[in-house]
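Here are some exercises to work through with the sequence and the model side by side. Try each task before you read its solution.

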Amino acid sequence: MSGTISVTREESETVINIKGRFNFEMHSQFRAAYQEDTGGDKKGRRFVINLAGTEYIDSSALGMLLLLREEAGTNESDIEITNARPEIQKILETANFQRLFKIS
Amino acid sequence: MKILIVDDDRINGAILTRLLGREGHPVVIAHNGEDGVDMYHQEQPDLVLMDIRMPRMNGYDAARLIKESASDRFVPIIFLTAVTDEEGLAQCIDAGGDDFLTKPFNRTILQSKIEAMERIRQLHTELSNKKDLLEQHQDQLQQELEVGKHLFSNIVRAGNLLDAPCLKQWTSPLSLFNGDLLMASYNPAGGLHIMLGDFTGHGLSAAVGALPISEIFYDLTAQGFSIGDLVEKMNAKLLTVMPTRMFCASCLIEVDFRQKSLVVWNGGLPDVCIVDMEGKLVLKLPSDHLPLGITTMTRDDRKVRIFEMQENHRLFLHSDGLTEANNANNEMFGMERLEGFFDGRTPPDQLFEAILDGLKQFRGEAPQSDDISFLEVDFSQSNKTQAEESTHKTTKIIPPAPWEISFLFTAETIKNVDPLPTIINSVMSLQSPLGHREKIYTILAELFSNALDHGLLGLDTKTKKTPEGFILYYAQREERLAALEQGTIRLMLTHKPLSSMDNREIGGEIKISIEDSGPGFDHQNVQSILDGNMAHGGRGIALIRSMCRQLVYYGCGNRAEASYRWTYK
């Protein structure tokens, strides 16, 4: 069983809410969630990855976050990962993702 | 559509033949079950119309035989029946019939049933063709995977020293290809390099990244490069070859029994645990860095943790597949459960097996969801290096010849590169004294680090006397090296051949002369410490003495000359 993704879009911010298991099966769903807001002239947009309902995260999910970071402009990207439960927080810390993303 | 009619009633048969013939179907006819089966084999019809009550063999039995022999081929059988009771009709289906037609025959119904059967038959043929194609592909894929796996394991395992006496390892790949990469190899000075890498995902795509990584690991280790150099090279390689969403969480470890040092670089793997002689956890080394293959590296990203290696300690390393292994209730094994073993109740030498048993019991029948790797390094065994020369053996023998090479390194170079691999590679490519590489490297490494650490950086070996001092020593070293603005190290290597008259034994003598621009050091005192059987530090000079014919210090101790003899029979 994989998770579900919902997106809320505002003026300059896209919030991606991930519920359930965030793993490789979510690849196309996750990509579809941000794709229309990245690339070309869309730089400078803020992304919030809301993990409030995320139960599990695997290394493919970390890979997807890296892909979003790249498509949103790597170092200029403004991506925040929020509401991760402690176990997921630990996984993000082990990978030292706080150096690439804002984690709150 | 070729149709076989099996009916002992000749009038019925004639009516059907005419009806079907008008529709353009070729018809063959048999008058009892047995003949029907025979004719089915001879004529290979596309559809069978089968009466039930017939002499010699009834319709049910004939249908069963036909269906049995048809195997993959779909041959629809329509029963011709006068019965309309449920039981009778059910029996038709049970015997393998696909439909039934009640007498007397209605032309329109007959026609539409034949059309329906034709559609099913076509669908069946299409499906069966696709199934064949899929099976072919599957076979081909399996064969290619087998070949790939063979190549992969040969490349990745080339020169792997996982059977080194100080290592215990266990790995359980999820699929044919392991996305976890576990390697070990000795560097020329006898230090052991160990690497555990965990690529994103699992299976083939995760495993291909292992190829360039393993090549860099073995190659650079054999040349004497440090963990930091390896990490930097691997990261650069992965950045160029791997897609963005893939990376490699890795931990590299160097165990140097001679220097009594333990060097750890952890980027993205779970905490490395160090356990004492009572089996209690004394130290956890968390991931300090991003995994390999995500961003370009800065100086800080190369940073390693250096500790004094305690001989009665052990190190445990694992991939997250171990701590994230699930049981049937979807609970994870977890770091806490793992650390629970390090409470002093399990003897240290039984910990490895106890943890694997614990994992097995915890998981029960739950399916595995990631590659799992687990490794123990027993420091007390780490001096037992294999006698064998480095794995990248060369069989070429170069006749001894006189030569001389000299190097001059300034502060700028020393700050930014480790020149040792270059030096040893020059010696090896000029002379390649088989079986002596490790010793020559060790002598060079010791002389060079004496010149640098004590000559240029002014570090005091005595600092290393305690474990805390050991860490302090390397912290100071790093700090002073970064701040180094001037100073030179001059190195001269002179070789002269020393072969016996009959040329049965060839060899030579290498004179190594090294001079630093520092204020010199108290080499006489070092000798006295040596004689006093010191615990830490100062080991280097004793080591060089034990391997060289001669070691002499000149000047104020800032120039050393060592001579080393090699022979090859």
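Two strands count as paired if DSSP finds at least two bridges between them. Strands (E, at least two residues) and helices (H or I, at least four residues) are DSSP runs, numbered from the N terminus.

This is a predicted model, in which local features need pLDDT of at least 70 and side-chain atom pairs count only at pLDDT 80 or more, while totals for chains, interfaces and linings use all residues. Residues are numbered from 1 along each chain as its sequence is written, and chains are lettered from A and ligands numbered from 1 in the order in which they are written.

**Exercise 1.** Find the bridge partner of B:Leu317 in β15(B).

*Solution.* Start with the two strands: β14 (residues 314–318) and β15 (residues 372–378) of chain B pair in the antiparallel sense over five bridges. Now look across from B:Leu317: its bridge partner is B:Leu375.

**Exercise 2.** At what angle do α13 and α14 of chain B pack?

*Solution.* Axes are lines fitted to C-alpha atoms, for helices over the stretch in contact, and angles run from 0 to 180 degrees between N-to-C directions. For α13 (residues 420–430) and α14 (residues 437–456) of chain B, the angle is about 140° and the axes are 10 Å apart. That makes α13(B) oblique to α14(B) (under 35 degrees is roughly parallel, over 145 roughly antiparallel, 65 to 115 roughly perpendicular, and the rest oblique).

Next, list the residues in contact (C-beta atoms, placed from the backbone, within 7 Å). Among them, B:Leu420 and B:Ile423 are on the α13(B) side, and B:Tyr441 and B:Phe448 on the α14(B) side.

**Exercise 3.** Which strands of chain B does α14(B) touch?

*Solution.* Begin with the sheet: five strands form an open sheet in the order β16-β17-β18-β20-β19 (chain B), and the pairing is antiparallel. Within this sheet, nine bridges join β17 (residues 488–497) to β18 (residues 506–516) of chain B. For example, B:His495 stands opposite B:Ile510 in β18(B). Finally, place the helix: α14(B) packs on the sheet, touching β17, β18 and β20 (559–568) of chain B. The direction of α14(B) makes about 10° with that of β18(B).

Technical notes: Two residues are in contact if their C-beta atoms, placed from the backbone, lie within 7 Å.
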